[in-house]
Amino acid sequence: MVRLIVDTLLSQVRTLWLVFMKLFQKKDTVEYPDQQPYMFPRWRGRIILSRDPDGEERCVACNLCAVACPVDCIALQKGEMEDGRWYPEFFRINFSRCIMCGFCEEACPTNAIQLTPDFEMAEYVRQDMVWEKEDLLINGTGKYHDYNFYRVAGKKIEGKDKGEALNEAAPVDVRSLLP
Amino acid sequence: MAKIVIDGIEYEVNPNNNLLQECLSQGLDLPYFCWHPCMGSVGACRQCAVKQYRDTEDKEGMLVMACMTPASEGSIISVEDPQAKDMRERVIESLMISHPHDCPVCEEGGECHLQDMTLMSGHNYRRYDKKKVTHRNQYLGPFINHEMNRCITCYRCVRFYDDYAGGTDLSAQASHHHTYFGRHEEGVLESEFSGNLVEVCPTGVFTDKAFSSNYARKWDLQTAPSVCTGCAIGCNTTPGERYGSLRRIVNRYNSEINGYFICDRGRFGFDYVNSEERIEAPLARKEGQLAVVPKGQLQSAIDTFQGSDVIGIASPRASNESNFALRCLVGDENFYSGISDAEHEATQLILSLAKDSAFNAPSVRQIELADAVIIVGEDVTNVAPRIALALRQSVRNKAKELAEGCNIPQWQDAAVRELAQHDRSPLAILSSYATRLDDIASDIVIDSPTEIANIASAVANRISGHAPAASSDEASVAQIAAQLIEAKRPLVIAGSTSGSVSQLQAAANIARALNEKRGDVIDLCLLVSEVNTIGMSLLVNERNSLGAALEKISNGQTKKAIVLENDLYRRAAKQKIDEAFQKVEMLVIDQLPSATTAKASLVLPSTSFSEQESTYVNYEGRAQLSFQVHRNHAAALPAWRWLSDQQSGDIESLINRCAEEAKNFDKLDDLLPDLNQFVAGMKIPRQSHRYSGRTAMKANLNVHEPKQPVDDQSVMSFSMEGIPATKDSAVLGAAWSPAWNSNQSISKFQEEINGDLKQSHVGELLIERNETGSYLSLDQRPNNLNENLQVAVAYQIFGSDELSAKSNTIQERMTDAYVALSPKDAKSLDLNQGDSVSLDGNGNIAIACIRSKMKQGTVAVYCGDNDIDRHSLGTTIALSKVTEAKMKRGIQGLIVSDLCEEGY
């Protein structure tokens with residue numbers, strides 16, 4: 001019985017001592033938002049649409065992100081510019097449904113849609129979590145600096161004729177008899 | 001049946017087919033490109049390599065092309081053999097060497113046979129590091145986009161366009177890796193079937209231009225099995241909708257009717273559904289103007305059109321249900337036909353012939369089996385285009401017969417064509433002008449409509465002396481008669497659109513004479529002009545013609561009329577209609593504003609073909625069910641719903657009631673899918689399991705997603721959930737099967753290749769043949785032998801159909817009304833090609849179109865999109881040149897073989 005009482009008291013004292021000693025250790029708590037945490041570059045946060053190195057929209061409205069999305073929170077409509085490029089007439093992400101899985105980024109054949117380390121997306125009104133293309137499109141290349149889809153694709157656009165894409169020969173002259 | 005062994009498993013197969021076809025029939029996956037179920041094999045792509053063994057002792061085996069090897073008894077093959085697999089992988093690697101990096105910006109992506117086959121063959125990396133071959137594209141008209149870089153030279157396009165559809169302006173050019181598929185110069189693709197290139201091309205060289213401008217991926221389209229409403233054939237289609245607008249129409253396989261192909265009117269003539277001019281709300285006339293009816297007053301406005309003195313005017317482009325609902329509302333006696341009197345008379349004759357046991361109304365598949373054909377007065381290509389395509393196959397029966405004699409299998413396409421050269425089965429065309437089928441015809445007679453009827457009578461008389469006597473000095477009569485008598489399966493084609501009952505009667509006499517002479521049932525194909533002309537006419541009493549209705553109105557016997565989806569200005573002379581409209585108060589139900597809705601006192605908006613579930617009866621009396629694809633977001637209701645009590649009830653009970661009450665319609669309810677087979681009350685989804693954007697597409701309006709709309713009317717649901725179409729569903733919208741995303745997946749749903757679908761309905765033939773008939777005496781209208789020119793009515797595939805002519809894509813190919821006349825007549829009238837001409841001097845203006853093959857003294861009048869009041873024209877007209885007439889489109893787009901280019 002006496003033993004039990006002594007053990008209990010000692011335990012209390014030990015606990016107090018341990019807690020007291022924590023005062024002299026480095027603090028784990030981050031004073032957010034005054035202090036910003038370090039976010040890893042490949043963190044899957046807020047989704048953006050990027051531009052290619054020439055400053056044109058990268059998204060070609062292929063719809064692969066939308067079909068890959070497990071919660072179906074991406075909707076878009078293909079349009080075609082006068083110069084021959086495909087682009088999304090509208091591009092909408094319902095972030096109140098998004099689960100930041102990153103499948104859209106994996107599916108994107110042009111590196112247009114990318115997930116960023118930004119996670120500060122809370123809103124008081126749920127409707128404000130619906131983002132349109134104007135909200136998503138940034139003025140830069142994002143994580144992938146050099147890729148320009150139309151330099152690789154065979155489709156002709158203004159400023160890049162047939163045969164001028166990467167690894168392409170000049171267009172065939174059908175009327176030629178040469179081998 | 002033969003027994004063959006594939007990878008150690010024994011299968012029962014048809015020895016008349018090749019191995020590829022039989023492998024696919026057995027549900028095995030074997031990649032291919034150049035083979036097409038409808039076009040046979042040429043062995044061009046080398047993709048379907050399999051290992052064949054001589055006998056069970058043979059362990060080595062040899063690689064063969066499955067599409068070029070017969071499935072003969074005892075064959076032992078292996079699809080899974082590593083060497084065969086390796087060969088297929090290497091073949092596709094070389095096919096892909098110059099394929100561009102285009103998939104994200106290619107309309108074919110996601111339903112691409114090349115993507116599927118690449119994946120199936122296992123190729124994934126381009127090892128070849130030299131440059132890709134590139135090609136320039138061509139402008140091919142408003143229907144088709146050309147992106148030649150994507151070509152893998154399978155030759156399917158030219159095999160379809162030239163060999164199958166008889167086109168002349170698409171060809172393979174240059175050679176080796178420079179091979180180019182295009183026209184000799186840029187320009188509109190002339191064939192009426194050019195749209196099929198989109199489906200025939202296994203990759204994205206030919207894509208749908210109209211669809212591209214309003215694009216969605218295949219998996220994003222909400223689809224349902226539908227029926228084309230462009231003409232009376234009733235081809236099966238799959239329309240696709242996204243974000244509330246109808247995006248495209250593709251072919252839906254039906255073994256009896258359209259098979260794998262539809263015409264360009266059916267494929268591109270739908271976007272009137274998305275038109276901004278659609279009537280969106282009920283309109284009533286207030287102080288001379290049509291204004292939207294306030295909600296509370298609508299029912300009372302509709303109720304004023306009830307009572308025993310209200311007449312109903314039916315419509316050949318409305319469904320059976322709508323016509324039947326109107327008949328129930330106004331009563332049998334007050335229910336009038338909605339087609340012109342001449343057409344009504346012809347259609348009644350067609351219906352009486354449809355009950356005659358001496359004849360058979362051939363389906364499109366049966367038309368392909370005919371080995372001697374006579375066409376009396378019909379321009380098949382422009383009236384019922386899909387039948388023209390079938391006739392192009394029927395003339396190949398000679399080639400098939402020759403091939404059989406030489407022991408060449410039918411699927412050896414190139415060999416069969418080589419063997420036959422230009423040897424064709426006979427096709428005789430009696431017409432008032434040169435038609436688009438003339439290039440395959442054995443006998444062409446171009447004459448005035450009355451003379452055509454006379455020549456056809458002479459043919460009948462030649463076949464059997466019992467037919468009414470007729471004499472003609474036309475030299476080919478004896479030959480045509482002999483061909484029809486000798487044939488294994490002769491076919492007679494005529495119809496109501498020629499505008500001449502006597503031609504129809506003469507054609508029936510030919511068929512009757514053949515029946516008498518040969519003793520078998522004769523294929524008699526009688527064409528009508530619109531999707532449900534037959535269905536409507538079956539519901540209408542014979543004496544209740546439109547003329548009778550107009551007479552009743554002008555007599556003052558009725559003051560109120562309900563006009564169902566019909567512009568009556570297209571059905572009778574303008575003056576007559578104008579007179580009648582002054583004496584009657586009208587309730588008009590329609591989709592788009594027309595000259596008739598402009599005169600109505602109450603206009604109710606109705607849904608289009610893709611917004612309602614309905615049945616239609618085609619030219620052979622075949623009823624087919626067309627499902628609703630998408631919802632109408634305005635106030636439009638199916639016309640039958642406006643006409644039923646309280647706008648309630650469901651389509652199924654209406655169909656059941658129609659089957660019970662309407663004569664000849666007793667099989668209509670067999671079209672409804674059996675509800676008992678559904679598992680746990682699940683419906684069939686209209687959306688694919690990959691349908692995207694469900695939680696975002698309406699999020700801009702409200703982030704709280706609306707409930708998926710419930711369809712309590714149908715066995716289909718507006719949802720992704722339900723019975724998967726690949727397994728148990730009773731209806732099949734867009735075909736899809738694992739690893740088969742393209743339209744080639746249809747083979748997974750067929751009993752065997754080119755057989756019936758496992759889960760679909762080919763329709764029900766409504767009309768029973770149990771009567772016997774006799775020869776008809778020709779009802780030749782007296783010909784006023786004056787200086788005037790005899791009139792034949794001409795049609796155009798793009799323009800003659802009322803609704804498709806409202807579609808933007810079709811409008812780009814339409815021409816103005818024209819008068820085709822012979823060079824001699826033109827000279828005597830001092831007309832040049834392209835001059836404006838006044839018809840009878842009564843305000844009808846058309847363009848002179850001088851055609852070298854026209855008979856002197858006959859003109860063919862094409863009325864445009866009702867630009868000319870056709871019913872006011874007599875059997876003869878006088879032409880005079882006008883100088884100051886402005887035409888909208890001209891006739892530059894006109895595709896005929898005999899246009900005199902001089903001076904144009």
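**View 1**

**View 2. An open sheet of seven strands in chain B.** The strands of this sheet follow the order β38-β33-β37-β34-β36-β35-β39 in chain B, and their pairing is mixed. At the edges stand β38 and β39 (879-882) of chain B, each of which pairs on one side only.

View 3. Strand β33 (residues 789-794) of chain B is mostly covered, since six of its six residues are buried. With strand β38 (residues 876-877) of chain B, β33(B) pairs in the antiparallel sense over two bridges, and here B:Gln790 has B:Thr876 as its bridge partner. With strand β37 (residues 858-862) of chain B, in contrast, β33(B) runs parallel and is joined by five bridges, and B:Val793 finds its bridge partner in B:Val861.

**View 4. The contact between chain A and chain B.** Chain A gives 38 residues to this contact and chain B gives 32 residues. The elements of chain A that each supply two or more residues to the side touching chain B are α2 (64-68), β2 (74-80), β3 (86-94) and β6 (168-171). Sorted by class, the side of chain A that touches chain B has 20 nonpolar residues, together with nine polar and nine charged residues. Strand pairing also crosses from one chain to the other: β6(A) and strand β6 (residues 132-134) of chain B run parallel and are joined by two bridges, with A:Pro171 standing opposite B:Thr134 in β6(B).

**View 5. Helix α1 of chain A and the loop that holds A:Pro33.** Helix α1 (residues 2-22) of chain A has 21 residues, and the distance from its first C-alpha to its last is 31 Å, which is close to the 30 Å expected at 1.5 Å a residue. The helix lies largely in the open, because the number of buried residues among the 21 of α1(A) is zero. In the loop between α1 and β1 (47-49) of chain A lies A:Pro33, and the peptide bond that joins A:Tyr32 and A:Pro33 is cis, with omega at about 5°.

**View 6. The surroundings of B:Asp371.** B:Asp371 is found in the loop between α11 (364-367) and β20 (372-376) of chain B. This residue counts as buried because it has 22 C-beta neighbours inside 10 Å, where the cut-off for a buried residue is 20 or more. When residues up to four places away in sequence are not counted, B:Asp371 touches B:Ser394, B:Asn397, B:Lys398, B:Ser425, B:Ala487, B:Lys488 and B:Arg489. B:Ser121, by comparison, is 250 residues from B:Asp371 in sequence and 41 Å from it in space, C-alpha to C-alpha.

**View 7. Two loop residues of chain B with positive phi.** B:Arg46 lies in the loop between α1 (19-25) and β3 (49-53) of chain B, and its phi is near 60°, a positive value in a residue other than glycine. B:Arg46 is buried, because 20 other C-beta atoms lie within 10 Å. B:Tyr155, found in the loop between β7 (144-146) and α4 (156-164) of chain B, is a residue other than glycine whose phi is also positive, near 70°. With 20 C-beta neighbours inside 10 Å, B:Tyr155 therefore counts as buried.

**View 8. A stretch of chain B annotated in UniProt.** An unreviewed UniProt entry places the feature "domain: 4Fe-4S Mo/W bis-MGD-type" at residues 221-277 of chain B. In the predicted model, the end C-alpha atoms of residues 221-277 of chain B lie 24 Å apart, and the span is 9% helix and 32% strand.

Key
Residues are numbered from 1 along each chain as its sequence is written. Chains are lettered from A and ligands numbered from 1 in the order in which they are written. This is a predicted model: local features need pLDDT of at least 70, side-chain atom pairs count only at pLDDT 80 or more; totals for chains, interfaces and linings use all residues. A residue is buried if 20 or more other C-beta atoms lie within 10 Å of its own, exposed if 12 or fewer, and partly exposed in between; C-beta atoms are placed from the backbone. Helices (H or I, at least four residues) and strands (E, at least two) are DSSP runs, numbered from the N terminus. Two strands pair if DSSP finds at least two bridges between them. Two residues are in contact if their C-beta atoms, placed from the backbone, lie within 7 Å. Ala, Val, Leu, Ile, Met, Phe, Trp, Tyr, Cys and Pro count as nonpolar, Asp, Glu, Lys and Arg as charged, and the others, Gly among them, as polar. The expected span of a helix is 1.5 Å times one less than its number of residues. UniProt positions are given in the numbering used here, feature names are shortened, and annotations may be inferred rather than shown by experiment.
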